[in-house]
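Work through the exercises below with the sequence and the structure side by side, and try each task before reading its solution.

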Amino acid sequence: MQMNSLARRALLAATALAAGAHAAAGVVTYSSQADFVSATSGLGAAQLSNFDAAGLLGNTYTGSAGSPSFSLSADSAGPATPYVKGGFWTTSGSQYLGLDNGDGAFLGGDSLTFNLTGSVRAFGLYVITGGDVVAGDIGLTMGNTQMSNGASADRSDGFGSYAYFFGLVSDTDLGSITMKFGDGSYLMTATVDDVSLYAAKQTGTIPEPASLALLSLGLLALCATPQRQRAKPIQESTV
């Protein structure tokens, strides 16, 4: 049985939507905060942790309030408790995230993992270091996604401190994200500031491409079903 014109169109739409769903999946990385902010303009609620809230200085930092949010874990040869500090230049305010050690900062070979909770579709932060850092020294890993700092920093204080931006935007929820500060073979100090999380928009959400594809397949099945001929009205005989 040949498909009618409407059925053929439904099949083409379903095929295109299914292909689009596959092509859309992925994570885009950003090394510019301005580009990251532009890319997140269509997302929903955001949470920003700039570590400058009253009372944070000198206290261990466990995450951000609300949804989305995160908890922290660190790996270091010395004390590995994430700690809010002050004293170095940073990208906003006067406080930043480091470690509870003598330097108050992450050192070469240390790592910091953000365990995300809630529906997080975008993640961004600054890593602030000195002039001894070169391209590729700082790395970010999330599943199969990896990025590292480039040769030029996103911001600088003009006196030897540099801020490298790391950002991820995804069409699906992000998982745990780990920052790696060098491999431990050379001297490095680094701090973190302005961690931002963006949630998926909850209201007026457009259906996922895969759902639209299933809808089109249902329409295809409906169109391909033979339709019953309409019965002709019975005419009364005349005498």
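In these exercises, the rings of Phe, Tyr and Trp pair if their centres lie within 6.5 Å, with planes under 30 degrees apart counted as stacked and those over 60 as edge-to-face. The model is a predicted one.

**Exercise 1.** State how many aromatic pairs there are, and classify the pair of F106 and F181.

*Solution.* By the ring rule, the count comes to ten aromatic pairs. In one of them, F106 and F181 lie 4.7 Å apart from centre to centre with 20° between their planes, and because planes under 30 degrees apart count as stacked, this pair is stacked. Next, locate the partners: F106 belongs to strand β6 (residues 106–107) and F181 to strand β13, 75 residues apart. Finally, F106 is buried at 0% relative accessibility, and F181 is buried at 0% as well.

**Exercise 2.** Classify the pair of Y126 and F165, and find which cluster holds these residues.

*Solution.* The ring centres of Y126 and F165 are 5.2 Å apart and the planes make an angle of 70°, which gives an edge-to-face pair. Y126 sits in strand β8 and F165 in strand β12, so the pair ties together parts that are 39 residues apart in sequence. Y126 is buried at 1% relative accessibility, and F165 is buried at 3%. Ring pairs join Y126 and F165 with Y30, F36 and Y198 in a cluster.

**Exercise 3.** Identify the partner of R121 in a salt bridge, and decide whether each partner is buried or partly exposed.

*Solution.* R121 forms a salt bridge with D173, with 2.7 Å between the closest N and O atoms. R121 lies in strand β8 (residues 120–130), whereas D173 lies in the loop between β12 (161–170) and β13 (177–181), 52 residues apart. R121 has 17% relative accessibility and counts as buried, while D173, at 42%, is partly exposed.

Notes. Residues numbered from 1 in each chain as written. Predicted model: local features only at pLDDT ≥ 70, side-chain atom pairs only at ≥ 80, totals over all residues. Heavy atoms only, no water. Salt bridge = Lys/Arg side-chain N within 4 Å of Asp/Glu carboxyl O. Helix = DSSP H or I, 4+ residues; strand = E, 2+ residues; numbered from the N terminus. Buried < 20%, exposed > 50% of the residue type's maximum accessible area, 1.4 Å probe, protein only. Phe/Tyr/Trp six-rings, centres within 6.5 Å; stacked < 30°, edge-to-face > 60°.
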